[in-house]
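Thanks for making time, everyone.

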Amino acid sequence: MGALWHGFADMGAVERDGAFVVARGAGAYIYDQAGTRYLDATAGLWFTNVGHGRAEIADAVAAQLRTVAHYSNFGDFAEPATQELAEKLASIAPVPGSKIFFTSGGSDSVDTAAKLARRYWHELGRPDKTIVVGRQRAYHGMHIAGTALAGIPVNREGYGELMADARTVEWDDAKALLALIEEIGAERIAAFFCEPIIGAGGIYLPPDDYLTEVRRICRDHDILFVVDEVVTGFGRIGGSWFAATRFELEPDLMTTAKGLTSGYVPMGAVFIAPHIADPFFRGGVWWRHGYTYGGHAGAAAAALANLAIIERENLLAEAKRLESTLHEKLAPLADHPRVAEVRSGLGAVAAIQLADPAEGLPLVKTLRANGISGRAAGQGAMQISPSFVMTDAQVDELVEGVTRALG
């Protein structure tokens, strides 16, 4: 029996069947301890945007660790790599002049945004604006605020009430947000959290004009618009750094992680529009919030190297290519009797929704037997979120492996 407790796992089954140990990776492939190769359909957990095995990132981290691994960003402390990364992120931010607050990952970023939204209204003399709103099917990490905000009830079971001032609305109807505002009053709502593409909840694409409509509703009712780009950020949306850029959403706050370092080391960042940061930058106001490893110098070095690869190899365009290729080549699978639908056509993501959701987890193991490392998301949806280096020929390999697994 092993000592490792896996996240999101039936540990009895893991103890019985053993772990699937990933020993190494190269490009769009991973290898187990026996040396068997698998096409990585999910880029780890949505994050390996530049592919596996990038020595350039490892070298950048090693060089930084030899200089100073990390100190702190509390008070007036800073490290050069962290400062450089903040300036880089500000230069590609959807809202010019944004400030960057570093975290250790996506869950940290979401809780940071939830706290900052409330504290912002407090500083403006409107302390009653405390309610944060999410959407059904949405996933916002696993900290208290993110779990309460998200629209996945099973993730909240067994904990009691996590956060009294959290609400959820229908995921695909802007009028549902409007109805909630009319019910409880805009004067009580601090922020609305929105994934541009619902990720772990099953890969659901936004209805036409949904994002621009909820953005308008938030602006009209003085509610902060928080775009959760932990999944879609840093190119996965296709053709742009962020969905907020692609759809001109001008977020008040934007949460990120995953693709910031392509998962080579843990790191997240919250992008904060200038008008939200302003009350805290005038002097005399302490925001008593931060993380020991926020802005970690070694992680900053990894992020800088990762972003340089994305720019040098034009991987934003490659993600847009994958958007089209996945949409085209996965479409025929919708006709398979075990498949209810295929959701694709926006960003380097797709979902193969099984007709019987109970087949999701067993199919993951069948996929491995056919050379594909996959994952079930939502209610029996096969998650497709490859590295941007995956070629069209490898997409063909992916479709062939999935087709064999389906039978």
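Predicted model: local features only at pLDDT ≥ 70, side-chain atom pairs only at ≥ 80, totals over all residues.

Let me begin with valine 227, which counts as buried because its relative accessibility is 1%, where buried means under 20% relative accessible area, exposed over 50% and partly exposed in between, with a 1.4 Å probe and protein chains only. Residues are numbered from 1 along each chain as its sequence is written, and side-chain values use heavy atoms, with hydrogens and water left out.

Valine 227 lies in strand E8; helices (H or I, at least four residues) and strands (E, at least two) are DSSP runs, numbered from the N terminus. Not counting residues up to four places away in sequence, valine 227 touches Cys194, Pro196, Leu249, Pro251, Leu253, Met254 and Thr255, contact being heavy atoms within 4.5 Å. Between the C-alpha atoms of valine 227 and glutamate 328, which are 101 residues apart along the chain, the separation is 28 Å.

Serine 262 sits in the loop between strand E9 (253-256) and strand E10 (268-272). Is serine 262 buried or exposed? With 1% relative accessibility, serine 262 counts as buried, and, leaving aside neighbours within four places in sequence, its contacts are Phe47, Thr48, Asn49, Val50 and Asn306.

Next, helix H10. Its buried residues are Ile276, Ala277, Pro279 and Phe280. Seen down the axis of H10, these buried residues fall within an arc of 150°, so they line one face of the helix; the arc is that of the directions from the helix axis to the C-beta atoms. The cover over the buried residues of H10 includes E4, helix H5 (106-123), strand E8 (224-228), E9 and E10. After H10 comes glycine 283, with a positive phi near 105°.

Now the rings. The structure holds nine aromatic pairs, where rings of Phe, Tyr and Trp (its six-membered ring) pair if their centres lie within 6.5 Å, and planes under 30 degrees apart count as stacked, over 60 as edge-to-face and the rest as tilted. Phenylalanine 101 and tryptophan 287 have ring centres 5.1 Å apart and planes at 55°, so this pair is tilted. Phenylalanine 101 belongs to strand E4 (residues 99-103) and tryptophan 287 to the loop between helix H10 (274-281) and helix H11 (297-312), so the pair ties together parts that are 186 residues apart in sequence. Both phenylalanine 101 and tryptophan 287 are buried. Phe101, Phe280 and Trp287 form one aromatic cluster.
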